[in-house]
Amino acid sequence: MVKNELKSIKILAQKEIEKAKNLKELNRVFKKYLGKKGKLSLILGSLKELPLEERKKIGKKANELKNVLEGKFDKKIQEIRKQAKKGIGKKEWVDVTIPGKKIALGHLHPLTLIKREVCQIFQQMGFEVVEGPEIETEWYNFDALNIPKDHPARDEWDTLWLRQNKLLLRTHTSPVQIRYMEKHKPPLRIIALGKVFRHEATDASHEMQFYQVEGLMVGKEISVANFKAVIQEFFGKFFKKPIKVRLSPDYFSFTEPSFDISITCVVCGGKGCSVCKRTGWLEMMGAGTVHPSVFKNSGLDPKNWQGFAFGMGLDRLAMMKYKINDIRLFHSGDLRFLKQF
Ligand code: PHE
């Protein structure tokens, strides 16, 4: 019976349309029912063989079904196209018109920024930037700097020793002085900048690993007056305001006389505040005129040469400049901190 056939076409065709995953599959279903030799098309074609009454009835039903199915096909085409746009059902589909994703740009670490700035200021004053090894021998880190084996001054540097051959992680950048003077004849002007290590308990102002800038200037008549002028110029440029420098007596075995260097507080300008503990001064570094033994240990005659050396913490400089209250933040990897620079 044609009527039953129409019914089964209706059910089957709808199911198959629903199931089709892509346009190719849908096309096959279309051909099967509505193509030239499609099931429904054949029925429509054979209507003329039926008696008039039946032709009218079945014809109406068959045409209605044709409209319904065509509607379903149209809907399904839209659906498949939409899914393809979303990338579902057709993996290789790419919308080349969508704007690309922006790659987040990183930036320099605050310590790198400070390092570059310090180098630039000293280079403008004719200093050369030099480097030395982070793993040092006892000779360069201590002995050559006039720090004898059993001298109490050695206790000032809590040293991290390596097992092999009495090697150690350098506790300061001063050994670079010796290494440089061994190879270069004065007059000379250098800064040595890099990582140093100390076996210390960490707190807001102490780290096991930090950075130092060490300066050395040697010539025939280099004096403490030259040092004061150089360092005052440096701090003025670094903090971008006039800075006063104060020298007070201190002790280092590799300089004689030795000084502790303070600068006018960069927060209060010298009036006294919590940062400078109401003194108006900030302790910044150690310095002094190079000890004759250090010249001798580097192969230079102390009768011919004189000069000054100084050393300071780069981290401390960064903390002063950016008003950072905890040294541990530098290596914390905390993006909330790092993104501020
Ligand atoms: N090397 C000293 C330190 O680490 C600093 C310093 C360098 C002092 C040069 C005087 C001269 O503490």
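**View 1. Lys277 sits in the loop between strand 8 and strand 9.** Strands here are DSSP E runs of at least two residues, helices are H or I runs of at least four, and both are numbered from the N terminus. The phi of Lys277 is near 55°, a positive value in a residue other than glycine. Most residues other than glycine have a negative phi. This is a predicted model, in which local features need pLDDT of at least 70, side-chain atom pairs count only at pLDDT 80 or more, and totals for chains, interfaces and linings use all residues. Residues are numbered from 1 along each chain as its sequence is written, and side-chain values use heavy atoms, with hydrogens and water left out.

**View 2. Two cis peptide bonds involve proline.** One joins Pro186 and Pro187, with omega about 5°. Pro187 lies in the loop between helix 7 (175–183) and strand 5 (188–197). Another joins Glu256 and Pro257, with omega about -5°. Pro257 belongs to strand 8 (residues 255–264). Most peptide bonds are trans.

**View 3. The ligand is surrounded by 14 residues.** The closest are His172, Ser174, Arg198, Gln212 and Gly311. By type, the shell holds six nonpolar, six polar and two charged residues. Here Ala, Val, Leu, Ile, Met, Phe, Trp, Tyr, Cys and Pro count as nonpolar, Asp, Glu, Lys and Arg as charged, and the others, Gly among them, as polar.

**View 4. Side chains of His172, Ser174 and Gln212 place polar atoms by the ligand.** An N or O atom in the His172 side chain is 3.0 Å from a ligand nitrogen. A polar side-chain atom of Ser174 lies 2.9 Å from a nitrogen atom of the ligand. For Gln212, a polar side-chain atom is 2.9 Å from a ligand oxygen. Taken alone, the ligand exposes 320 Å², and the protein buries 93% of that (Shrake-Rupley method, 1.4 Å probe).

**View 5. Strands contribute to the shell around the ligand.** Strand 6 (209–219), strand 9 (281–290) and strand 10 (306–313) each give two or more residues. Strand 10 provides the largest share, three residues.

**View 6. The protein chain is divided into two domains.** Domain 1 covers 2–85 and domain 2 covers 110–338. These bounds come from an automatic or database domain assignment. The domain centres, taken over C-alpha atoms, are 89 Å apart.

Key. Near = heavy atom within 4 Å. Polar contact = N/O pair within 3.5 Å; in protein donor to acceptor, adjacent residues only side chain to side chain.
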